[in-house]
Amino acid sequence: MTPEAVSAVLEGPCRLDIAGYRLAPLGDADIDDLYAHFGDPRVTEFLDIEPIEARFQTWDVIDWAEGVRGAGSGVRWSIRDGEGAFVGTCGFHRLTYLQARRGEVGYDLGPAHWGRGVLSRILPAVLAFGHDLLDLHRIEALVTPGNERSCRLLQRHGFEREGVLKGHGWWRGRYWDQVLFARLRDETQQARP
Ligand SMILES: CC(C)(COP(=O)(O)OP(=O)(O)OC[C@H]1O[C@@H](n2cnc3c(N)ncnc32)[C@H](O)[C@@H]1OP(=O)(O)O)[C@@H](O)C(=O)NCCC(=O)NCCS
């Protein structure tokens with residue numbers, strides 16, 4: 001698959017219906033739900049952002065999501081249940097096709113939805129979207145040490161813990177280690193140029 005073909009996927013409607021949940025690219029209509037979601041310190045505890053304090057700051061999240069999609073470097077979806085209620089977000093970013101076919105997956109659910117298997121039901125189709133439609137050979141996830149729920153989730157879905165990236169990120173005024181997880185596509189059937 002060419003990078004142009006991948007861009008065409010991202011430029012399309014890019015919506016997924018999975019196990020009773022609807023995933024759609026983040027946009028202006030999500031502003032109030034995102035404000036409440038990323039204003040909750042339980043959601044941001046292990047993320048590289050501060051809890052949102054004012055509604056206008058939520059536009060940065062939407063601008064970021066629209067920016068990565070427009071640049072062909074990712075997509076961030078809202079996750080809504082069958083009644084349209086906001087559940088969380090997930091998606092891909094840092095898509096890299098120069099001498100590689102890899103990208104990073106990310107996700108966050110509202111705390112009311114933790115421990116109920118929501119993401120475990122969604123993730124297989126999201127990963128298939130990454131491997132098949134975005135043509136990713138390698139899907140990575142970076143996890144802040146201590147985020148055991150996220151580590152368990154990744155390991156249940158075929159990610160291997162590859163090691164710790166020391167001082168990999170800087171946010172909230174300090175450097176942070178990140179645990180690197182990755183999941184490779186089975187390419188035994190395919191030859192790549
Ligand atoms: C990371 C995060 C998405 C994990 O959420 P989660 O609820 O543990 O993950 P799932 O939706 O897959 O649910 C799996 C859990 O539900 C339980 N569960 C209950 N019913 C289930 C079902 N029908 N199917 C599968 N699992 C079920 C599982 O036992 C599992 O719990 P366990 O890990 O304690 O065994 C969530 O903690 C979160 O959004 N945190 C804040 C943002 C964040 O840190 N994001 C990750 C950044 S790397």
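This report covers a helix pair and a ligand site in a predicted model.

## How helix 2 meets helix 4

Two packed helices are described by the angle between their axes and the distance between the axes. Here, helix 2 spans residues 31–38 and helix 4 spans residues 58–70. They pack at an angle of about 110°. Their axes are 9 Å apart. Angles of 65 to 115 degrees count as roughly perpendicular, so helix 2 and helix 4 are roughly perpendicular to each other. Their crossing is right-handed.

## The contact between the helices

Which residues of helix 2 and helix 4 make the contact? Helix 2 brings Ile 31, Leu 34, Tyr 35 and Phe 38. Helix 4 brings Thr 58, Trp 59, Val 61 and Ile 62. By type, the residues of this contact divide into 7 nonpolar and 1 polar. None is charged.

## Around the ligand

The ligand is surrounded by 20 residues. The closest are Leu 109, Gly 115, Leu 119, Ser 120 and Arg 152.

Definitions and conventions. Residues are numbered from 1 along each chain as its sequence is written. This is a predicted model: local features need pLDDT of at least 70, side-chain atom pairs count only at pLDDT 80 or more; totals for chains, interfaces and linings use all residues. Side-chain values use heavy atoms; hydrogens and water are left out. Axes are lines fitted to C-alpha atoms, for helices over the stretch in contact, and angles run from 0 to 180 degrees between N-to-C directions. Helices (H or I, at least four residues) and strands (E, at least two) are DSSP runs, numbered from the N terminus. Angles under 35 degrees count as roughly parallel, over 145 as roughly antiparallel, 65 to 115 as roughly perpendicular and the rest as oblique. A crossing is left-handed if the near helix is turned anticlockwise from the far one by less than a right angle, and right-handed if clockwise. Contact means heavy atoms within 4.5 Å. Ala, Val, Leu, Ile, Met, Phe, Trp, Tyr, Cys and Pro count as nonpolar, Asp, Glu, Lys and Arg as charged, and the others, Gly among them, as polar. A residue is near a molecule or strand if one of its heavy atoms lies within 4 Å of it.
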